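Here is a short note for someone opening this structure for the first time. Please keep the model in view while reading the points.

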Amino acid sequence: MTSEKITSQKGKKSVSEVIASFVACPRCSYFLSSYRLLHEDFDSAVKESAAGWLLLSWDGAVNLLVQKSFGCHIYMELDSFQGICRECQRPYSYQKIDPDTDKTSFRVKIVP
Ligand SMILES: [Zn+2]
């Protein structure tokens, strides 16, 4: 009893656990399944997730997907944008890192 450590509390979620969390919500489920068709970096985003946030790729297709999934259009002129899923209150955040190169970061919270 004493030798067993509980590591799941602080340990990162596995890819399947993260997927299960998104599947629980119809909007997030649609977002994630479509995102995985567009980009192949979801697994590595889960592995490199920090403080419960997934750092995902950002491009015009993902912007359109956010619009379709969450009903919210992110204007490229914006420096930052914070939104939440209306269904499960999962937050997502868009931020322009370098205005000169249009480098952006797009993050989605793993657990709403
Ligand atoms: Zn949701």
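**Notes on the fold and helix H4**

1. The protein has 4 helices and 4 strands. Helices (H or I, at least four residues) and strands (E, at least two) are DSSP runs, numbered from the N terminus. Their order from the N terminus is α-α-α-β-α-β-β-β.

2. This is a predicted model: local features need pLDDT of at least 70, side-chain atom pairs count only at pLDDT 80 or more, and totals for chains, interfaces and linings use all residues. Residues are numbered from 1 along each chain as its sequence is written.

3. Of the 112 residues in the protein, 19% are buried. A residue is buried if 20 or more other C-beta atoms lie within 10 Å of its own, exposed if 12 or fewer, and partly exposed in between; C-beta atoms are placed from the backbone.

4. The largest nonpolar core has 13 residues. Such a core is a set of buried Ala, Val, Leu, Ile, Met, Phe, Trp, Tyr and Cys residues joined through C-beta atoms within 7 Å. Helix H1 (15-23), helix H2 (26-38) and helix H4 (60-70) each supply at least two of its residues. H2 gives the most, with 4 residues.

5. In H4, the buried residues are Val62, Val66, Ser69 and Phe70. They fall within an arc of 75° seen down the helix axis, so they line one face of H4. The arc is that of the directions from the helix axis to the C-beta atoms. Exposed Gly60 and Gln67 sit on the face turned away from the buried side of H4.

6. After H4 comes Gly71, with a positive phi near 70°.
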